Amino acid sequence: MNAVGIDVSKGKSTVVILRPFGEIVVSPHEVKHTDSEITALINRIKSIDGETRIVMEHTGHYYEQLLISFTEAGLFATAVNPKLIKDFSTNSLRKVKTDKADSVKIARYALDRWDELIPYTEIDSLRSQLKQLNRQFVFYTKNKTAFKNNLITLMDQTFPGINALFTGATRADGSQQWVDFVENYWHADCVRKMSKNAFITHYGKWCAKHGYKKSIKKPEQVYLYAKDLVCVLPKDETTKMLVQQAVEQVKVVSAAIEHYRSQMNSIASRLPEYEVVMGMTGIGVSLGPQLMAEIGDIKRFSHKGALTAYAGVDPGVNQSGMYNQISTRTTKRGSAELRRTLYMVAEVLLKTKPKDDPVYMFLSKKRAEGKPYFVYMTATANKFLRVYYGKVNEYLDSKEEK
């Protein structure tokens with residue numbers, strides 16, 4: 001048994017190879033993330049007699065280069081949650097935090113959990129790619145919110161409240177009618193300086209150009225609304241530049257988000273659990289891939305409680321001797337992104353109110369009991385994860401039997 005412990009950092013890693021009872025095969029040393037040094041490390045590992053397993057932490061994305069290289073070379077390699085390594089006993093009163101000490105600790109963890117280690121596979125590569133896409137999706141979504149708020153702030157000074165007159169949903173290319181509208185009619189004077197009939201005709205041509213359904217009532221509504229507005233910024237080239245730059249930012253980030261959404265759904269469809277996850281109530285083309293990205297392989301969780309603990313929606317425990325606290329806060333020690341996605345699922349259930357859905361029935365029960373918002377939302381997230389765990393495991397087991 002040869003355990004290779006790798007403490008990964010940006011551009012380099014510290015590597016050690018141990019055997020049982022603390023035997024050091026290769027002392028801790030630094031390996032740069034270059035093709036030549038990684039190849040040399042692979043050849044050195046292959047030259048060692050006995051079964052070898054390589055373990056590293058999946059922190060950031062720096063470990064992926066090594067993990068893929070080892071897997072392609074036919075070596076057993078895996079990445080584990082850094083929290084598991086952190087909680088693994090050092091059997092020492094001294095607090096030592098160095099790259100060499102960390103690599104030794106990872107190797108010791110590998111020896112201790114030898115039979116529990118799961119090798120990295122092609123499916124794991126897909127999951128890793130999906131997770132990276134989801135992180136970018138979330139990042140761009142946050143930026144879109146900021147850019148939209150910025151545009152609305154500007155429009156409140158040139159065409160106050162115009163965004164509220166258009167309620168159309170975002171199209172597949174990321175465009176929205178109100179954003180396209182203010183790109184062309186960036187100031188109330190752009191509308192009210194025309195006659196009513198002239199604007200109606202102009203609006204009809206604008207709809208045809210952008211592919212929106214032509215309406216008779218909408219241009220009349222917009223025209224009458226614009227006539228009574230008081231604008232702060234003047235209708236000049238500076239104001240036009242400010243608005244149209246803000247519009248461009250919203251359009252670019254919106255298009256990127258829809259592209260990410262499509263790509264995530266495409267990759268998620270190649271995962272074995274895709275069919276059953278997408279069939280769950282409250283799940284759509286956005287939340288389904290996001291859940292699969294953040295949960296990963298369901299088989300790595302030994303039981304339902306392990307999954308809820310990973311999400312950080314499990315109730316904490318505070319017991320000592322005769323004392324046993326009845327009500328405790330949730331741990332919130334797991335994936336914050338997964339919790340965010342779960343709360344979004346709960347929000348969908350709140351809005352759609354699906355009949356006979358066990359998770360929504362549970363949510364309704366907690367609300368009826370008078371539980372605070374965050375209490376029943378967290379409890380719903382916990383319930384949903386337990387249902388998810390059962391359905392996905394049952395589905396995957398049935399596929400294996402066939």
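Is Glu183 buried, partly exposed or exposed? Glu183 comes out partly exposed, at a relative accessible area of 22% (buried is under 20%, exposed over 50%, partly exposed in between, with a 1.4 Å probe and protein chains only).

This is a predicted model, where local features need pLDDT of at least 70, side-chain atom pairs count only at pLDDT 80 or more, and totals for chains, interfaces and linings use all residues. Numbering starts from 1 along each chain as its sequence is written, and side-chain values use heavy atoms, with hydrogens and water left out.

**View 1. Glu183 and Lys251 pair up in a salt bridge, 3.0 Å from N to O.** Glu183 sits in helix H6 (residues 177-184) and Lys251 in helix H10 (residues 237-268), so the pair links parts 68 residues apart in sequence. Helices here are DSSP runs (H or I, at least four residues), numbered from the N terminus. A salt bridge takes a side-chain nitrogen of Lys or Arg within 4 Å of a carboxyl oxygen of Asp or Glu; the count by this rule is 14. Lys251 is partly exposed too, at 30%.

**View 2. Glu51 makes a salt bridge with Arg53.** Their closest N and O atoms are 3.0 Å apart. Arg53 is buried at 12% relative accessibility, while Glu51 is partly exposed at 43%.

**View 3. Within helix H14, Arg340 and Glu337 lie three residues apart, about one turn of the helix.** Their side chains meet in a salt bridge (3.1 Å, N to O). Glu337 is buried at 18%, and Arg340 is partly exposed at 26%.

Conventions: Helices (H or I, at least four residues) and strands (E, at least two) are DSSP runs, numbered from the N terminus.
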